[in-house]
Every structure is written in structure tokens, then in C-alpha cells.
Amino acid sequence: MTLPNARDFSHLYSEETKARKPSPLKTCIHLFHDPNIIFLGGGLPMSDFFPWDNLQANAALPPFTNGIGSALTGSKDDSLSLAVKKNEASEGDIPLARALQYGFSAGQPELIKFLKEHTEIIHDLKYANWNVIATTGNTNAWESTLRVFCNRGDVILTEAHSFSSSLSSAEAQGVACFPVPIDNDGIIPEKLEEILDNWTPEAPKPKLLYTIPTGQNPTGTSLADARKVEIYRIAQKHDFLIVEDEPYYFLQMEPYVADVKAREESQSGAKKSHEEFLKSLAKTFLSVDTEGRVIRLDSFSKVLAPGTRLGWITGAAPLLQRYVELHEMTIQAPAGFTQTLVAATLNRWGQEGYIDWLIGLRHEYTLKRDCALDGLHKYLPKSDAFKVNPPIAGMFFTVAIDASAHPAFATKFNSDPSLVEKAIYDKVIARQVLVVPGSWFKADGETVPPQPQSSKSAGNPNEIFFRGTYAAVAPEKLLEGLKRLGQALGEEFGITSA
Ligand SMILES: Cc1ncc(COP(=O)(O)O)c(C=O)c1O
């Protein structure tokens, strides 16, 4: 079946994008690699003067039988020894001479090829001219997205609580983040539609919905598949783009089973086949998209290492070309060392080996999530004031707290939940554990003129929450941290543990 091309979304470009002319120097840089051309056209240093002859590394080797976290023995069974040469392209490597040179702002071809094949395995793309470009991670990709589409005074839609750096990035560019109510299954489509149907006509309409569908930061919730279809329909109706920021997509876990014995039974032999694993993954906005209205941000930060500073964007080729033109004047390209090392590893692992890695990650995160939830059930004071929603993906758990259950709510705190939040924060720090207040992640942007009062989040005004992670420390430390958290909350609310 021939797929249609993406629709034209150039009417959503920012003034900056419309004003940007492609750098003329970048239009001829590909000729540097044409052996018939004597290239005197740009300030490229000769690779002879790069001091590195090769790049060597030892990495884990699929199928990671002893688990993805086990130390390498150096034997052929678990260790991959790789060496990338300066001038030779073998095993799908990016020769160092090219990787460390200017050029290839969209990413080195060997890396992009792997990512495109990966994209075809994971997503069900429904239009023809999609593409993938490399980024230095989702922080960069989001900042670029704002610049490609938004002007000062614009508004975007975000989950009512969202990743604070993403909100700050928008606010710093003069873009207001209008909150959309969420529940345990993510954005509530009916509320989103209500907000947009009642949008103040004189206010600029949102150009983007920024969402973290899987293992949302900070709430730890995941957007239900059926809601993605609904939200996409609303995006078509109100003509905005959907930006799915998905660093946690591959940290989707087995469901939490509270009973340890039943859990052991349900998880024994849980190492899924590739087919089962792929089938179990959440539907993506990219797979719902028939028009090229979705921009997907992926990152290696949570699946390989944050210091790779490497990620990629998937979307309609004409939109991605605007990013490349911006990147030519900002990041130029992700670092050559990073692209070389990651591409060399992934091309040796192959798509199958990479999926083995992702299955291994799922297993480890399931264990850590289970450990955190067991600890929370054990150590949180027994009271209806504290609620934990078991995450099915990502790195975060949240403890929702009914601030009005604090014995001094009306007196000492003047019935102000934010003062209770502050008191809890001080108490947990004093108890030497760090979890962070939900208010740090609150989106509270407003348009000029403002939106009707009925479009503002309602919810329980006395509910506050704290975000913690089970990703950062080993299980013993995690449990000790949760014990301290439980003690701090018990002390603050005057509840003695059973
Ligand atoms: C939702 C979200 N987006 C982006 C990032 C940053 O990703 P990267 O390391 O790829 O820049 C994070 C990391 O904490 C995140 O939670």
C-alpha cells in the first residue's frame, strides 16, 4: 500500500523559523566527501591532525544472560570488544575521521540507519515522508521544538504537572504553558476538548500539546492508549501538533502484584520473547498519526546513559528540516565521539540485541518499582490521607497527600495546602531523605486575554503530592529512604506507625 505524505504544517512555524535562511555554507558541505571535488570551500581541519587513530571500548554483549547490570568478565560470552578506526568503515561503523569532522547536522548515516530500522520495528507509521534526525537529547530537542514553532506570547498545552525544565524552557521563551487536567491514566481527553471548545477567541490558539505519555514526570502515570486516539482527534479538530517527549518509553514494566508469592509466580519466566515484548508496549502517538502532526522525542539518556547526550526526533521530513537548519546554527551536531561509540555498539548488537537490552531494562525496573511499592506499603503511615498510584512505567512514584488531614491544617497552616507541603519538605530533609514537592512541577500559564474560569483545573484543592524515584539508588538504600519518608510523614501528621 502506498502511504500518503504528511500534511503541510508550515502555518504553525515561528517567526524565527520563517525568518531563517539555510546557511549557504551548509548547502555545499556534503561535497567535502565527494572524492572528485577538491574541497577548498570551508574551514575544515584535516583529519590527519585529529590526534585519535581509533576508539576502543568494551561493552556488554547480547543476550545479556546474567542481567544487564552484571559486571563484565571480559570473556567472549558477555563482553564485546570494539575498535572503530579513523579511516576505515567496517561493521557499520562511522569512521572517526568523518565522525570528528564538521557536517552531518542531522546525524551520521550509520546511526540514523539503525534508528530508522528501530522506528519501523516499534511504531506503525502511517505516512510516507517521515524521517529521523539526531539530537543531543530531549532537553535540546524540546528547546529546538519551541524555537521552531513558537513566538513570544504564544501558548502551549501541557499536563497540569509536567517536567519543570520543559516548563522553564517554554516560559523563558515567553511561551505560556496552559495546564490540562490529568488523572491516573494521564490527560483527560474530555477536559482537553472542553478547554479548546471554550477557548477565548481573542487569545492565540495553542500550537502544541507537550506531553510525556509514558511514566510521566513527575506523576509517574501513563497515558491510556484509547486516550491517545481521542487526543489525536482533538488535535485535528483544533489544529495543534502533538509533541511526545518519551525518554521513559522503554521503562514500561510488568504490572505490580502486591502479594509477593503471587508476584514471584506471575513473574517467573517473565523474560518475554521479542514478539511478546513488542506487543506489550504502549501504542505511541506516532503510530496514531496519519498526517505528520506528531513530533516524537526519544533519548538514550534513560536506556543507555545520560552522558551520551544523544537522542533523536521522529516526524514529518519537512518539519525536521526546520530543526536541522536551526541545529546548523546551534548545536551543529551531536558529538562525534558519542555518535561513533553508540552506533558501533548498536550496530554490533543489531536490532535484536538492542531489544534484548530493553527487555533486560524492563526486568530491572520492574524489580526496583516493586521494591519501592513494597517499601511504601510497609513504611507509609496507615491513613487514608496518603495514596500511592502504582506506576506502570518510568522512574517515579508519587505519594498523594490530603493536606487537610494534617491536625494543624486550619490552625498553624491557615487551611493552605502549600504551607503543609513546605512543612513536609522541611521535615523530610531533616529526616535526611529527599523527595520533591509536586508544586515544583505545576503548569500555571495563562493567555492574554485569559481563559474562562471553567477551563481552569479543579481537582481536590487540598491534595498535594511528593515525587520520588526508585531509579537512583540500590534497593537497600531505597528502602531506608522510604522508611525515613514514612517516619517524617508520621511525625508531621501525628500518626504513630503500627
Ligand atoms: C520528561 C523528560 N524530558 C526530558 C528529559 C531530559 O532528557 P535528556 O537527557 O535526553 O535531555 C527528562 C529527564 O529527566 C525528562 O524527564
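This report covers the overall build, the domains, the ligand shell and selected strands and helices of one predicted model.

Residues are numbered from 1 along each chain as its sequence is written. The model is predicted: local features need pLDDT of at least 70, side-chain atom pairs count only at pLDDT 80 or more, and totals for chains, interfaces and linings use all residues.

**Overall build**

The protein has 14 helices and 15 strands. Helices (H or I, at least four residues) and strands (E, at least two) are DSSP runs, numbered from the N terminus. Along the principal axes, the C-alpha atoms fill a box of roughly 80 × 65 × 45 Å.

Buried residues make up 42% of the 498 residues. A residue is buried if 20 or more other C-beta atoms lie within 10 Å of its own, exposed if 12 or fewer, and partly exposed in between; C-beta atoms are placed from the backbone. Of the contacts with a separation of 6 or more, 76% join residues 24 or more positions apart. Two residues are in contact if their C-beta atoms, placed from the backbone, lie within 7 Å.

**Domains**

The domain assignment gives domain 1 (10-56 + 98-362) and domain 2 (363-493). Such bounds come from an automatic or database domain assignment. The domain centres, taken over C-alpha atoms, are separated by 29 Å. The contact takes 44 residues from domain 1 and 37 residues from domain 2. On the domain 1 side, β4 (155-159), α5 (164-172), β5 (176-180), α6 (189-197) and α12 (336-379) each supply at least two residues. By class, that side has 21 nonpolar, 17 polar and 6 charged residues. Ala, Val, Leu, Ile, Met, Phe, Trp, Tyr, Cys and Pro count as nonpolar, Asp, Glu, Lys and Arg as charged, and the others, Gly among them, as polar.

**Ligand shell**

The residues around the ligand include Gly137, Asn138, Thr139, Phe163, Ile212, Asn217 and Asp245. Pro247, Ser299, Ser301, Pro306 and Gly311 also belong to the list. Near means that the C-beta atom, placed from the backbone, lies within 6 Å of the molecule. The shell divides into 4 nonpolar, 7 polar and 1 charged.

**Strands**

Two strands pair if DSSP finds at least two bridges between them.

| Strand pair | Sense | Bridges | Opposite residues |
|---|---|---|---|
| β4 and β8 | parallel | 2 bridges | Thr158 and Tyr210 |
| β8 and β9 | parallel | 4 bridges | Leu208 and Leu241 |

Strand β8 (residues 208-211) is covered on both faces. Leu208 and Tyr210 are buried on one side, Leu209 and Thr211 on the other. In a regular strand the side chains alternate between the two faces of the sheet. Strand β3 is mostly covered, with 5 of its 6 residues buried.

**Helices**

Helix α11 (residues 317-327) has Leu319, Leu320, Arg322, Tyr323, Val324, Leu326 and His327 as its buried residues. Their cover includes α1 (15-19), β3 (130-135), α4 (138-149), β10 (294-299) and β11 (311-316).

Glu143 lies in helix α4. Glu143 counts as buried because 21 C-beta neighbours lie inside 10 Å. Ser165 is 22 residues from Glu143 along the chain, and their C-alpha atoms are separated by 9.9 Å.
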